[in-house]
Amino acid sequence: MTAPTPLIAGNWKMNGTSASLAEAQAIAEGVGDCPARVAICPPSILIHRMAQALAGGKVLVGGQDAHWDDAGAFTGDISGEMLADAGAKLVILGHSERREGYRETDEVVANKARAALRAGLEPIVCVGETLEQRKAGRALEVVTGQVRGSLPAELAGQTFSVAYEPVWAIGTGLTPTTPEIEEVHRAIRATLVELFGEHGKSAPILYGGSVKPGNAAEILHADEVGGALVGGASLKAADFLAIVRAV
Ligand code: PEP
């Protein structure tokens with residue numbers, strides 16, 4: 001089986017207004033014929049305009065979260081169908097800021113992944129240990145447990161990716177060593193194969209957590225690293241493009 005096509009996805013989080021669409025345009029103009037798939041996940045209110053602005057180009061637009069239900073009385077929430085209708089092709093699910101800030105459990109994330117698939121969206125399912133869990137020697141157990149609990153059987157045969165994001169590395173400037181990243185990514189791969197058989201080899205495993213132009217090449221060339229989920233450095237076209245070009 002050939003290696004999965006790398007995916008570089010930018011998570012803008014709660015950053016960006018209409019003015020930021022120019023940054024997305026600059027990213028789209030700069031990606032050229034890089035070998036990676038590239039996506040930007042802006043705040044949901046920008047998805048429609050961004051998808052229209054980037055239509056026909058290489059850069060895909062994604063959401064940062066989607067509800068587990070298709071419609072209903074969920075004030076303030078957004079469904080996968082709405083994201084897809086606005087032009088999103090992918091959606092980040094189970095980001096640690098959602099797991100921690102909104103008490104999302106593995107079961108909730110798995111239900112969100114099912115809903116995303118129903119809407120025709122490609123899920124990027126995030127997992128990652130806290131610093132306390134790593135210090136206690138529990139990183140592999142926690143991460144593989146999250147993979148088992150957050151990835152529903154319905155993903156079999158579908159296009160999806162897993163993002164390993166150590167909670168302590170997100171937005172902190174800290175990153176695990178390359179051998180530490182490889183150890184976790186290999187454990188995730190083994191779990192994916194356990195869950196999905198041969199198909200478990202085709203999903204890229206992204207690394208996320210303080211990926212910057214200066215460390216991207218080393219991280220992206222590590223064993224079983226199939227791309228990156230990039231927060232802060234995806235907000236500036238020059239930085240994000242430098243990461244894309246490091247693939
Ligand atoms: C993220 O939140 O998904 C992330 C990886 O953030 P940062 O790159 O800023 O650490």
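Helices (H or I, at least four residues) and strands (E, at least two) are DSSP runs, numbered from the N terminus. The model is predicted: local features need pLDDT of at least 70, side-chain atom pairs count only at pLDDT 80 or more, and totals for chains, interfaces and linings use all residues. Residues are numbered from 1 along each chain as its sequence is written, and side-chain values use heavy atoms, with hydrogens and water left out.

K13 lies in the loop between strand 1 (7-11) and helix 1 (21-30). Its relative accessibility is 21%. K13 therefore counts as partly exposed, a class between buried (under 20% relative accessible area) and exposed (over 50%), with a 1.4 Å probe and protein chains only. Phi of K13 is near 50 degrees, a positive value in a residue other than glycine. Most residues other than glycine have a negative phi. E224 also has a positive phi, near 70 degrees. That residue sits in the loop between helix 9 (213-220) and strand 8 (227-230). With a relative accessible area of 27%, E224 is partly exposed.

A polar side-chain atom of K13 is 2.5 Å from an oxygen atom of the ligand. For E165, a side-chain N or O atom lies 2.7 Å from a ligand oxygen. G232 uses a backbone N or O atom, 2.8 Å from an oxygen atom of the ligand. The protein buries 97% of the 290 Å² that the ligand exposes when taken alone; accessible areas come from the Shrake-Rupley method with a 1.4 Å probe, and for residues only the protein chains shown count as cover. K13 and G232 are 219 residues apart in sequence, yet their C-alpha atoms are 8.7 Å apart in space.

H95 occupies the loop between strand 4 (90-93) and helix 4. This residue is buried, at 4% relative accessible area. A polar atom of the H95 side chain lies 2.9 Å from the backbone nitrogen of E97.

The largest pocket has a volume of about 530 Å³. Its lining numbers 20 residues, with S44, Q64, D65, R98 and Y102 closest to the centre. On a 1 Å grid over the protein atoms alone, a pocket is an open set of points where a 1.4 Å probe fits, with protein on both sides within 12 Å along at least five of seven lines; lining residues have an atom within 4 Å of a point. Grid points are joined across faces, edges and corners, and a volume is the space filled by probe spheres set on the points. This lining divides into eight nonpolar, seven polar and five charged residues.

The second largest pocket has a volume of about 180 Å³. Helix 4 (96-101) gives the largest share of its lining, three residues.

Notes
A polar contact is a pair of N or O atoms within 3.5 Å; within protein, one must be able to donate a hydrogen and the other to accept it, and residues adjacent in sequence count only if both atoms are side-chain atoms. Ala, Val, Leu, Ile, Met, Phe, Trp, Tyr, Cys and Pro count as nonpolar, Asp, Glu, Lys and Arg as charged, and the others, Gly among them, as polar.
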